[in-house]
Amino acid sequence: MLTLATLTVFLALCLPYVYYISKARTRKRLPLPPGPRPWPIFGNIFDVPADKPWVTYRAWSEKYGKPRHYVFLGDVLIYASILDLMEGRSKLYADRRWMVMDELLGWKWNLGLMPYGTEWRIKRRAFHQHFNQQAVKQYHSIQTRETRRFLKRAATMCSGDNTLDRDIVSQTYAATILNIIYGMRIQDFSDEFISLSRRAVESVNNSRMPGRFWVEYFPWLRYLPSWVPVSSARKFADEYKYFVDASHNKAFDALRDDFDNIAAAPSIAQKFIRNLSNRPQDPQHCKQDEQVARDVTGVAYGAAVDTQFAATSYFLLAMMSYPDVQQRAQEELDTVVGAGRLPTMEDIDSLPFIQAILLEVLRWLPILPLGIAHSVLEDDEYKGYRIPAGTVIVANTWAMLQDPVEYRNPEVFNPDRFLRDGALNPDVRSPVAAFGYGRRQDCSICPGRHLANDALSLMIASILYVFNVEPNEDVSQETTTGFFSYAFVLRM
Ligand code: HEM
């Protein structure tokens, strides 16, 4: 006979299930979020703007969304100002969807593009081990050496017509990361490794813009041979595949194949390889570990160069446009660093205005204006709308960091917004959204941000200590459109 206790246990077990089913049913009845009306078959393919889409997306969010929040494009949801989904429910929104172009280009090993799951977690953990806040301190000497080498090269270059070649900025970040990851000491800046990762990342920059390739909407197009006019995706992939593969494997293979002979400087790859050879284990595990080592070093090499280059280009643009800010920073440097020596990493904590300039650079013109797209793991409900599992989530980071409610006169470059009584003001929202969303170790935030913050602070302090960045009418102040955004300006 059914006792009362058994019945209670039975009900207790069933209730969550009943609740889940009824909630799922209600969700299915909810409307999708608003957006421009889709065409039959083509959906919203013709609506996606080619130039600076983040500006159009914000306008749409204001037009269609509940107060400037979001807009829905077929199966892509674009956020303009809410952070609570990405921050509050970050596990649910941590997934990513492969794009067809990722596969055609050979990016499927890339931690930054792959879906959430075991492989992603293992690589993320391995990455974090070498780039957490504490670990990055061991790279300060490399960052300092390369920044000083940059100053010398820039001084030589600028002694002519005051023009700074943009390549020397990206070469600096390439030389730094190659030394950190593979122990390489770059002497000749025309070395293939200096430009490899840039060419590889160029493929992401051009292929990850929404609407760039029709193959994302009609995947069967990938099977057409590359000479067919509409199969531009194949042609594009054929052009870039070599760079993606070489930036992933070449330096790692060189180090592994000649490990005993290379007087290898300490490096992340060296640590990985040493661990592999010290650990007797079955060949299958060994292969997996080597793959993780190869992928983690490859992704750091690819992710570090263009990001830091782009932020530096915006810093230079800001200094050209706001000479008063530059002058105040130089006064701070004169007081704290004084004459006769260059700024060091140890000075940065005593330079709040320099720190505020970096925060404002990241906020003013975010280098990844639409972040890296995520997707939803399960059906969700938000403010009365249904967000189906698998929906691609694009955060309009640019719109969030240009939100006038959060940041007054957001289009003005004003480091003072981050300061109070001469120190960083903890009450102002930090522009951490430039690095993604979520808390600390969470899955949706850039794991290279500590390295980047240190490098950029020292670069900013060093440039302002040595040079005056001057406005120049001949230099375009335009910013690029793409997955990355950066300024063309470079003149000191
Ligand atoms: C100013 C510099 C940088 C900015 C603004 C930046 C920004 C970002 C953003 C927005 C994401 C996407 C986060 C998400 O939504 O999931 C990301 C991911 C990533 N970044 Fe950065 N980043 C910078 C520098 C770096 C550097 C120097 C490294 C390498 C040392 C790096 C490595 C990565 C990696 C590996 C990911 C993928 C993480 C994952 O998916 O788990 N980043 N970054």
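What is the volume of the largest pocket? The legends below begin with that pocket. This is a predicted model, in which local features need pLDDT of at least 70 and side-chain atom pairs count only at pLDDT 80 or more, while totals for chains, interfaces and linings use all residues. Residues are numbered from 1 along each chain as its sequence is written, and side-chain values use heavy atoms, with hydrogens and water left out.

**Figure 1. The largest pocket and its lining.** The largest pocket has a volume of about 880 Å³. Of its 26 lining residues, Gln133, Gln355, His450, Asn453 and Asp454 are the closest to the centre. A pocket here is an open set of points on a 1 Å grid over the protein atoms alone, with protein on both sides within 12 Å along at least five of seven lines, and lining residues have an atom within 4 Å of a point. Grid points are joined across faces, edges and corners, and the volume is the space filled by probe spheres set on them. Look for α15, which gives the most to this lining, with five residues; α13 (352-364) also supplies at least two. Sorted by class, the lining of the largest pocket holds 13 nonpolar, eight polar and five charged residues. Ala, Val, Leu, Ile, Met, Phe, Trp, Tyr, Cys and Pro count as nonpolar, Asp, Glu, Lys and Arg as charged, and the others, Gly among them, as polar.

Figure 2. A search of the whole structure turns up four cavities of 30 Å³ or more, a cavity being a set of grid points where a 1.4 Å probe fits but cannot get out.

**Figure 3. The iron atom and Cys446.** Which protein atom is the donor to the iron atom of the ligand? The single donor from the protein is Cys446 (SG), 2.3 Å away. Donors are N, O and S atoms within 2.8 Å of the metal (3.2 Å for Na, K and Ca), and water is not among the atoms, so sites may look incomplete. Cys446 sits in the loop between β8 (423-424) and α15. Helices (H or I, at least four residues) and strands (E, at least two) are DSSP runs, numbered from the N terminus.

**Figure 4. Two residues with positive phi.** Lys52, in the loop between α1 (4-29) and α2 (53-64), has phi near 40 degrees, a positive value in a residue other than glycine. Asp421 has phi near 50 degrees and lies in the loop between β7 (419-420) and β8. Is each one buried or exposed? Lys52 is buried, with a relative accessible area of 17%, whereas Asp421 is exposed, at 78%. Buried means under 20% relative accessible area, exposed over 50%, and partly exposed in between (1.4 Å probe, protein chains only).

**Figure 5. The surroundings of Tyr407.** Tyr407 belongs to the loop between α14 (397-401) and β7 and is buried, with a relative accessible area of 1%. Beyond residues up to four places away in sequence, Tyr407 touches Arg363, Met400, Leu401, Arg417, Phe418, Val428, Arg429, Ser430 and Pro431; contact means heavy atoms within 4.5 Å. Tyr407 and Arg429 are 22 residues apart in sequence and 8.6 Å apart in space, C-alpha to C-alpha.
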